[in-house]
Amino acid sequence: KRKPTLNVFEKLSVTFSSEPMIIAKDEDSARELSELENEIAIYIFSYLQGFSRNCRDFFEALLVQSAFYAGCNNLYIRCQQIKVNICYPTVCGKERMKFENLMELSMGLCNRKAPVGNDGDIADKMLLIVTGANQGGKSTFLRSIGVAQIMMQSGLFVAAKRYESSLFPNFFTHFVRREDTAMNSGRLDEELGRMERIVDHLTQDSVLFLNESFATTTEKEGSIIAEDITKALYEKGIRVMMVTHLLAFAKSCYAQKPEHAMFLSAERKENGARTYRMIEQEPEMTSYGLDLYDSMIKNQG
């Protein structure tokens, strides 16, 4: 036999008494009781709606935060597996950056082995220009600084033996992109357009990473553009770190001997071997492209 359906008050009475309590005996009273039951249910639901929304938002945020820390743990384990040095960075005062055996972590994860690390002391330097041999690790070095800085400011460890730096609220990158297949603009036009948008948002506490920018035109024109832009940013006190093959530009900057500038070069041995280490050195007027020609084309002939 099917059990009779109880309303909310009858359920309450069953909970707190041994026998059901019949509250409404006539049809009108039962209808009023049902309406009251609905009103109470609506009131309780509206009262708890804000609480349930807050609970939902809390657990959604907890999910994101838990995923972040789980990712950090997985990253730590992978670094141990590929033998990448890690350290907890030190936050220093303004315009301070010093590191020891700094590695480009994303390259290490892709290659599944520890990449070559670099040492550096870029304290009080507002302009860093890196030149040197092709395939010498210049872009990798620049990325290693950017990745480490973002990891530090995210509360993570850094792929280095030691890393000290100040904080930068804003990061901007200007790396060479692939050519526009739709042919809506030329490569130099696209580079200048991106630079214009970056300049509109730069502040004195920003850091800008330039990688082989303005190399899509002639050496002479690219050098003029690069010098005008870096000079303006330097005078405004904005930190710029750049890799360039515009050697005339690099030599011109070096000749002016700016007080807060540093010039590094990708180390190359006499036999043409690359060590992938950056050394402080005056820019040379060659990128040693013939080394690549000899190893890749000439020797095969």
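**Ground rules**

I am working with a predicted model, where local features need pLDDT of at least 70, side-chain atom pairs count only at pLDDT 80 or more, and totals for chains, interfaces and linings use all residues. Residues are numbered from 1 along each chain as its sequence is written, and side-chain values use heavy atoms, with hydrogens and water left out.

**Entry 1: the open sheet**

I began with the strands, taking helices (H or I, at least four residues) and strands (E, at least two) as DSSP runs numbered from the N terminus. Two strands pair if DSSP finds at least two bridges between them. In what order do the strands of the open sheet run? I read E1-E5-E2-E3, 4 strands with mixed pairing. At the edges I noted strand E1 (90-91) and E3, each of which pairs on one side only. Next I checked E2 against strand E5 (residues 162-165): the two run antiparallel and are joined by 4 bridges. Lys 98 has Glu 164 of E5 as its bridge partner.

How many residues of E7 are buried? I counted a strand as mostly covered here, with 6 of its 6 residues buried; buried means under 20% relative accessible area, exposed over 50%, and partly exposed in between (1.4 Å probe, protein chains only). Both faces are covered: Ser 206, Leu 208 and Leu 210 are buried on one side, and Val 207, Phe 209 and Asn 211 on the other.

I then looked to either partner. Strand E6 (residues 170-175) pairs with E7 in the parallel sense over 6 bridges, and Phe 175 stands opposite Asn 211. Strand E8 (residues 239-243) is also parallel to E7, over 5 bridges, with Met 242 in E8 as the bridge partner of Leu 210.

**Entry 2: E9 and its neighbours**

Strand E9 (residues 261-268) is mostly covered, with 6 of its 8 residues buried. Strand E4 (residues 127-132) pairs with E9 in the parallel sense over 6 bridges, and I found Leu 128 opposite Met 262. With strand E10 (residues 274-280), E9 pairs in the antiparallel sense over 4 bridges; there Arg 268 stands opposite Arg 274. The hairpin of E9 and E10 has 5 residues between the strands, and Gly 272 takes a positive phi near 90 degrees in it.

Asn 101 has a phi near 55 degrees and is found in strand E2 (residues 97-102). Arg 112, also not a glycine, has a positive phi of about 60 degrees. Its place is in the loop between H3 and strand E3 (118-121). Is Arg 112 buried or exposed? I list Arg 112 as exposed because its relative accessibility is 67%.

**Entry 3: a serine in a loop**

Ser 213 lies in the loop between strand E7 (206-211) and helix H6 (219-235). I list Ser 213 as buried, since its relative accessible area is 4%. Which residues does Ser 213 touch? Leaving aside residues up to four places away in sequence, I found His 174, Glu 191, Val 243 and Leu 246, where contact means heavy atoms within 4.5 Å.

**Entry 4: cysteines**

I searched for disulfides, meaning pairs of cysteine sulfur atoms within 2.5 Å, and the count came to 0. Cys 55 is partly exposed, with a relative accessible area of 25%, whereas Cys 72 counts as buried at 13% relative accessibility.

**Entry 5: pockets**

On a 1 Å grid over the protein atoms alone, a pocket is an open set of points where a 1.4 Å probe fits, with protein on both sides within 12 Å along at least five of seven lines; lining residues have an atom within 4 Å of a point. Grid points are joined across faces, edges and corners, and a volume is the space filled by probe spheres set on the points.

The largest pocket holds about 230 Å³ of space. Of its 14 lining residues, Met 107, Pro 115, Val 116, Thr 140 and Tyr 276 are the closest to its centre. Helix H3 (105-111) and helix H4 (138-153) each supply at least two lining residues, and H4 gives the largest share, 3 residues.

The second largest pocket holds about 160 Å³. Its lining includes Lys 94, Glu 95, Phe 168, Ser 206 and Arg 239.
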